[in-house]
Number of protein chains: 2
Amino acid sequence: MKLYTYYRSQAAFRVRIALNLKGIAREDTYLHLEKGDQFDPAYKALNPQMVVPTLVDGGATLFQSLAILEYLDETHPEPPLLPREPAARAWCRGFALINIADSHPLIVPRIRHYLLDEMQWSQEQLMAWIRRWIGAGLEAMEALLAAHEQSGRFCHGGAPTLADIGLVTQVTPARLFGGDLSLYPRVMRVYDTVMTIPAFADAAPARQPDAE
Amino acid sequence: MKLYTYYRSQAAFRVRIALNLKGIAREDTYLHLEKGDQFDPAYKALNPQMVVPTLVDGGATLFQSLAILEYLDETHPEPPLLPREPAARAWCRGFALINIADSHPLIVPRIRHYLLDEMQWSQEQLMAWIRRWIGAGLEAMEALLAAHEQSGRFCHGGAPTLADIGLVTQVTPARLFGGDLSLYPRVMRVYDTVMTIPAFADAAPARQPDAE
């Protein structure tokens, strides 16, 4: 499969983890989001949102990281990214969506640029914004893990799921932007577990060929 | 099923549409988000993010609207919210995620309050922010519909899917906040189609008993 990616993108990070877990070989095309590669008309025709990742699998052009993860789980069921029972699947999806649909959309490049360039925020104001919303998501994740009997080394059960993928892409920007992670011991226990797994570790931003 | 809801919440609107499409009876509990009902400790114990919706189905407490929609589709398969073929499912999910995971998280109450109260933005600055990001999502949706051979009266195929639900909760705030919808004729064709369907129309914010 062909992946359009940028090393620092948390959304591309999620898809790299899933491809690695499934053992799917990929060919990367690198876009430098800070240099504006995503606004190239040829890429816009592929991905009208002008964001990464895009995954091309034969004739299918796939966009939005969660839609890609679900597609990979449907077309390559082993190992599963979700448990079997519907309520457990919903818990894992809901947990991941705290990152994917609440925290992360607030700190992507287009938002940071708008706040800095158009609203003339200082770096300090931007960092306070990022830490506030990443922290709110981490707090919710910590509370969910505390209340969830099937959490432990992983968010749910004995193997990584979509929930762990969302947890990793919540913690990674928190580290990058200097959040206090000691407040979230359950989250960090899971993070430390999964980042020893090659599928996760090899997908990390710093390990990508386009990392600076 | 028991739904914790607020009439103006776009996320609760999505869940109301899906419950109506599936013919599932619900009992509503109303939270007034502008009055802070979501911060009540009893509700925080149910939903650590302190947001709506929460859906309770027997012993399962479900959170995050997209996780709830997928749960409803798994436990009540008819009528389906997604097509059968994996690439088509991914297209519908990806389309909906433009609303759920990109546009909508930027305009929820906590963000509006932060920008107005903590950053002292003017109403005009807030409206420019909302229109910018809702507009970016609508533009991407219009381009996706234009390129998608199976779109027409609905986003995909001959019946409503998750994509149409995401489209409706993109258009509704655009109308509320005064965006120019004439720029998106394909989006509006679908909106006008689905809003004639009772499952959609009855779920609209203005039709809820807690509407002001």
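In chain B, helix α1 (residues 10-22) and helix α7 (residues 162-176) have axes that come within 10 Å and cross at roughly 140°. The model is predicted.

**Helix α1 against helix α7 in chain B**

- Angles from 65 to 115 degrees count as roughly perpendicular and those over 145 as roughly antiparallel, and at roughly 140° α1(B) and α7(B) are therefore oblique to each other.
- The crossing in which α1(B) passes α7(B) is right-handed.
- On the side of α1(B), the residues that take part are Gln10(B), Phe13(B), Arg14(B), Ile17(B) and Ala18(B); they meet Ile165(B), Thr169(B), Thr172(B) and Pro173(B) of α7(B).
- Sorted by class, the residues of this contact between α1(B) and α7(B) are 5 nonpolar, 3 polar and 1 charged.

**Helix α1 against helix α3 in chain B**

- Helix α3 (residues 65-75) of chain B also packs with α1(B): the two axes come within 9 Å and cross at roughly 10°.
- Angles under 35 degrees count as roughly parallel, and α1(B) and α3(B) are therefore roughly parallel to each other.
- From α1(B), the contact uses Ala11(B), Arg14(B), Val15(B), Ala18(B), Leu19(B) and Lys22(B), while α3(B) contributes Ser65(B), Ile68(B), Leu69(B) and Leu72(B).
- The contact of α1(B) with α3(B) contains 7 nonpolar residues, 1 polar residue and 2 charged residues.
- Arg14(B) and Ala18(B) are among the residues of α1(B) that meet α7(B), and Arg14(B) and Ala18(B) are also among those that α1(B) uses in its contact with α3(B).

**Helix α7 against helix α8 in chain B**

- The axes of α7(B) and helix α8 (residues 185-194) of chain B are 10 Å apart, and the helices pack at an angle of about 105°.
- This angle makes α7(B) roughly perpendicular to α8(B).
- Asp164(B), Leu167(B), Val168(B) and Val171(B) of α7(B) make the contact with Val187(B), Val190(B), Tyr191(B) and Val194(B) of α8(B).
- Of the residues in the contact of α7(B) with α8(B), 7 are nonpolar and 1 is charged, with no polar residues.

**The domains of chain A**

- The domain assignment divides chain A into domain 1 (2-79) and domain 2 (86-200).
- Taken over C-alpha atoms, the centres of domain 1 and domain 2 of chain A are separated by 20 Å.
- Between these domains of chain A, 13 residues of domain 1 are in contact with 12 residues of domain 2.
- On the side of domain 1 of chain A that touches domain 2, the elements giving two or more residues are α1 (10-22) and α3 of chain A.
- The most residues on that side of domain 1, 7 residues, come from α1(A).
- By class, that side of domain 1 of chain A has 8 nonpolar, 3 polar and 2 charged residues.

**How the two chains meet**

- Between the chains, 29 residues of chain A are in contact with 29 residues of chain B.
- Each of β4 (60-63), α3 (65-75), α4 (86-103) and α6 (123-147) of chain A supplies at least two residues of the side that touches chain B.
- The largest share of that side of chain A comes from α4(A), with 11 residues.
- The side of chain A that touches chain B has 20 nonpolar, 4 polar and 5 charged residues.
- The copies meet through the same surface, because 100% of the interface residues of chain A are also interface residues in chain B.

**Details of the backbone**

- Glu78(A) and Pro79(A) are joined by a cis peptide bond with omega of about -15°, and Pro79(A) lies in the loop between α3 and α4 of chain A.
- In chain B, the peptide bond from Val52(B) to Pro53(B) is cis, with omega near 0°, and Pro53(B) is in the loop between α2 (41-46) and β3 (54-57) of chain B.
- Although Gln64(A) is not a glycine, its phi is positive, at about 70°; Gln64(A) lies in the loop between β4 and α3 of chain A.

Notes. Residues numbered from 1 in each chain as written. Chains lettered and ligands numbered in written order. Predicted model: local features only at pLDDT ≥ 70, side-chain atom pairs only at ≥ 80, totals over all residues. Contact = placed C-beta atoms within 7 Å. Helix = DSSP H or I, 4+ residues; strand = E, 2+ residues; numbered from the N terminus. Nonpolar A, V, L, I, M, F, W, Y, C, P; charged D, E, K, R; others polar. Domains from an automatic or database assignment. Axes fitted to C-alpha atoms, helices over the stretch in contact; angles between N-to-C directions. Left-handed = near helix turned anticlockwise from the far one by under 90°.
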